[in-house]
Amino acid sequence: MGETLNTTKKFSVKLIAKMGMMAAIACVLGLFRFPILPMVPFLTYDFADIPIIISAFAFGPVAGLLITVVVSFIQAFLLGGDQLYGFIMHILASGSFVIVASLIYKGHKTKKMAIVSLIAATLVMIVVMGAANYFVTPYYYGGAAMKEMVVKLMPFILLFNLIKGVANSVITLLVYKRISPFLHKR
């Protein structure tokens, strides 16, 4: 099988190049954002997480998390994102999804386990982002008024994350097996 990244294996040049390529694809895809719920147009979806999830499936959770951090940094600070707030929220959303999905999938690389891992990852991301929006957003944007707004918007925030998780999962399932041979090629 192909290379994976874990704490005992060194980075190979090929693995770093593949991870860099997937991070670059994610950054390009992150430039194309669109709202999916008219009630909360500031919550926008992009396809950037898909190459990250595919990388985590192919190379393991550590690689997926490293790519998440790199892509989050580039999007937040170099591509006109929400800077520190966007960086934190992207790591929480994508990181929670990638870690859960890849840890479950890592042990049993079957289509059934891919589906189970993506469902679990979606549910974890919904919970993490509900909590993050409840605690981080008011802290970052200041106070009780923002917390009240977040509470009012919470059903839409949770629905947005459900839609995002399902979209990322379905697209990953459709694309991963087609890309996997290239990623695992020695």
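**Figure 1. Salt bridges of the predicted model.** In this predicted model, the structure contains two salt bridges. One joins Asp46 to Arg33, with 2.9 Å between the closest N and O atoms. Asp46 belongs to the loop between β2 and α2 (49–59), and Arg33 to the loop between α1 (13–30) and β1 (34–35), so this pair ties together parts that are 13 residues apart in sequence. The two partners are placed in separate accessibility classes: Asp46 is buried, with a relative accessible area of 10%, whereas Arg33 counts as partly exposed, at 44% relative accessibility.

**Figure 2. The salt bridge between Asp49 and Lys164.** The closest N and O atoms of Asp49 and Lys164 are 3.6 Å apart. Asp49 is in helix α2 and Lys164 in helix α6, and the pair links distant parts of the chain, 115 residues apart. Asp49 and Lys164 are both buried.

**Figure 3. The largest pocket and its lining.** The largest pocket holds about 850 Å³ of space. It is lined by 33 residues, of which Arg33, Phe42, Asp82, Gly86 and Met89 are the closest to its centre. Arg33 is also the partner of Asp46 in a salt bridge. At least two lining residues come from each of β2 (44–45), α3 (61–78), α4 (83–107), α5 (111–141) and α6 (143–184). Helix α6 gives the most to the lining, with seven residues. Sorted by class, the lining comprises 17 nonpolar, 11 polar and five charged residues.

**Figure 4. Helix α1 and its buried residues.** Helix α1 has 18 residues and extends 25 Å from its first C-alpha to its last, close to the 26 Å expected at 1.5 Å a residue. Its buried residues are Leu15, Lys18, Met19, Met22, Ala23, Ala26, Cys27 and Gly30. These buried residues pack against α2, α3 and α6.

**Figure 5. Helix α3 and the residue that follows.** From first C-alpha to last, the 18 residues of α3 reach 25 Å, a span close to the 26 Å expected at 1.5 Å a residue. Within α3, the buried positions are Pro61, Ala63, Gly64, Ile67, Thr68, Val71, Ser72, Gln75 and Ala76. The buried residues of this helix pack against α1, α2 and α4. Just after α3, Gly80 adopts a positive phi of about 80°.

**Figure 6. The surroundings of Ser117.** Ser117 is part of helix α5. Its relative accessibility is 0%, and Ser117 therefore counts as buried, the limit being under 20%. When residues up to four places away in sequence are not counted, Ser117 touches Phe57, Val100, Ala101, Ile104 and Tyr105.

**Figure 7. The surroundings of Tyr85.** Tyr85 is located in helix α4. With 11% relative accessibility, Tyr85 counts as buried. Neighbours within four places in sequence aside, Tyr85 is in contact with Asn133, Val136, Thr137, Tyr140 and Tyr141. Tyr85 and Ala101 are separated by 16 residues in sequence and by 24 Å in space, C-alpha to C-alpha. Ala101 is among the residues that Ser117 touches.

Conventions: Residues numbered from 1 in each chain as written. Predicted model: local features only at pLDDT ≥ 70, side-chain atom pairs only at ≥ 80, totals over all residues. Heavy atoms only, no water. 1 Å grid on protein atoms, 1.4 Å probe; cavity = no way out; pocket = protein on both sides within 12 Å on 5 of 7 lines; lining within 4 Å. Points joined across faces, edges and corners; volume = space filled by probe spheres on them. Helix = DSSP H or I, 4+ residues; strand = E, 2+ residues; numbered from the N terminus. Nonpolar A, V, L, I, M, F, W, Y, C, P; charged D, E, K, R; others polar. Salt bridge = Lys/Arg side-chain N within 4 Å of Asp/Glu carboxyl O. Buried < 20%, exposed > 50% of the residue type's maximum accessible area, 1.4 Å probe, protein only. Expected span 1.5 Å × (residues − 1). Contact = heavy atoms within 4.5 Å.
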